[in-house]
Amino acid sequence: MKLTATMLLLAAALAAQTNTKSALIGTSQGMYAIAKNDITRSAEKIPENLWSFQPTPEVRTIGQLFAHVADAQYEFCGVASEGKAVDKGIEKTAKTKADITAALKEAFAYCDAAYTRMTDASAVEMVGFFGRQLTRIGAMDFNIAQPMEHYGNLVTYMRIKGIVPPSSEPAPGRRGE
C-alpha cells in the first residue's frame with residue numbers, strides 16, 4: 001500500500017512538472033517513468049552471468065524477460081503513436097546482455113518519443129488494440145502495466161539470486177526501513 005501511494009504521488013509530481021502536457025498525459029508519462037526506471041535499473045543490476053537464469057523450464061530467462069519488455073514497447077507505443085503494433089523481434093534475435101540492454105534503451109526512447117508527440121486531442125483518439133478499441137493514451141497506460149507485470153517476475157528472480165530489486169532500495173538520503 002505504501003509503495004502504491006508513493007508511486008501515485010511521484011506520478012502526480014512528475015505530471016505537475018510537465019508544463020506542456022495535460023494532467024492526463026503527464027500522469028501517464030509519470031507512471032511510465034516509474035516502470036521504465038524499475039526495468040532499466042534491474043537490467044543494470046543483474047550481472048550478465050545471471051541473464052540465462054530460468055527458475056523453471058516453463059518460464060522465460062531473465063534475458064528473455066528484458067527482451068520481451070523491449071518488444072512490448074514497440075507493440076503498445078506503436079499502437080498509440082502509429083495506430084499499429086510494431087514488431088521488432090527482439091526476444092527472438094537479441095541474446096546477450098549488451099544487445100538486449102541496447103534494445104531496451106532504444107525501445108524506451110521510442111515510447112518517450114510517442115509521449116512527446118502526443119497531444120490532448122490525439123490522446124483520446126480511438127485506435128485498434130488487439131481486437132478492441134481504446135484511446136491512444138489507454139494503449140500507453142497498458143504499456144505501463146505490461147512491464148510492471150514482468151518487473152514482478154524480475155523481482156522474484158532477483159530475490160532468488162540475492163539481489164535487492166530497485167524499488168526496494170532505500171531512497172537516497174534515507175535509511176532503509
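**Figure 1. Contacts and make-up of the whole chain.** Of the contacts in the protein chain with a separation of 6 or more, 66% are between residues 24 or more positions apart. The model is predicted. Its secondary structure consists of 7 helices and 2 strands. Read from the N terminus, these elements follow the order α-α-α-α-α-α-β-β-α. The chain has 177 residues, and 43% of them are buried. Its accessible surface is about 9500 Å², with 57% of that area belonging to carbon and sulfur atoms.

**Figure 2. Helix α2 and its buried residues.** Helix α2 covers residues 23-45, which makes 23 residues. From the first C-alpha to the last it reaches 32 Å, close to the 33 Å expected at 1.5 Å a residue. Buried positions in α2 include I25, G26, S28, G30, M31 and Y32. Further along the helix, I34, A35, D38, I39, S42 and A43 are also buried. An α-helix has 3.6 residues a turn, so residues three or four places apart point the same way.

**Figure 3. The packing of α2 against α7.** The axes of these two helices, α2 and α7, come within 9 Å and cross at roughly 25°. An angle under 35 degrees counts as roughly parallel, so α2 and α7 are roughly parallel to each other. Their crossing is left-handed. On the α2 side, the residues that meet α7 are L24, I25, S28, M31, Y32, A35, D38, I39 and S42. Their partners in α7 are I137, M140, D141, N143, I144, P147, M148, Y151, L154 and M158. Several of these α2 residues are buried, among them I25, S28, M31 and Y32.

**Figure 4. The packing of α5 against α7.** Helix α5 (residues 97-117) packs on helix α7 (residues 136-160) at an angle of about 150°, and their axes are 12 Å apart. Angles over 145 degrees count as roughly antiparallel, and α5 and α7 are therefore roughly antiparallel to each other. In passing α7, helix α5 makes a left-handed crossing. The contact involves C111, A114 and Y115 of α5. From α7, the residues taking part are I137, M140, N143 and I144. I137, M140, N143 and I144 of α7 also meet residues of α2.

Figure 5. T61 lies in the loop between α2 and α3. Its relative accessibility is 13%; buried means under 20%, so T61 counts as buried. Leaving aside neighbours within four places in sequence, T61 is in contact with W51, S52, F53, Q54 and Y157.

**Figure 6. Helix α3 and the residue after it.** The end C-alpha atoms of α3 are 30 Å apart, which agrees with the 30 Å that its 21 residues should span at 1.5 Å a residue. Of these 21 residues, 17 are buried, so α3 is largely enclosed by the rest of the structure. G83 follows α3 and has a positive phi, near 80°.

**Figure 7. V79 and its surroundings.** V79 is found in helix α3, which covers residues 62-82. With a relative accessibility of 3%, V79 counts as buried. Not counting residues up to four places away in sequence, V79 touches K84, A85, V127, G128, F129, R136 and A139. V79 and F130 are 51 residues apart in sequence, and the distance between their C-alpha atoms is 9.5 Å.

Definitions and conventions:
Residues are numbered from 1 along each chain as its sequence is written. This is a predicted model: local features need pLDDT of at least 70, side-chain atom pairs count only at pLDDT 80 or more; totals for chains, interfaces and linings use all residues. Side-chain values use heavy atoms; hydrogens and water are left out. Helices (H or I, at least four residues) and strands (E, at least two) are DSSP runs, numbered from the N terminus. The expected span of a helix is 1.5 Å times one less than its number of residues. Buried means under 20% relative accessible area, exposed over 50%, partly exposed in between (1.4 Å probe, protein chains only). Contact means heavy atoms within 4.5 Å. Accessible areas come from the Shrake-Rupley method with a 1.4 Å probe; for residues, only the protein chains shown count as cover. Axes are lines fitted to C-alpha atoms, for helices over the stretch in contact, and angles run from 0 to 180 degrees between N-to-C directions. Angles under 35 degrees count as roughly parallel, over 145 as roughly antiparallel, 65 to 115 as roughly perpendicular and the rest as oblique. A crossing is left-handed if the near helix is turned anticlockwise from the far one by less than a right angle, and right-handed if clockwise.
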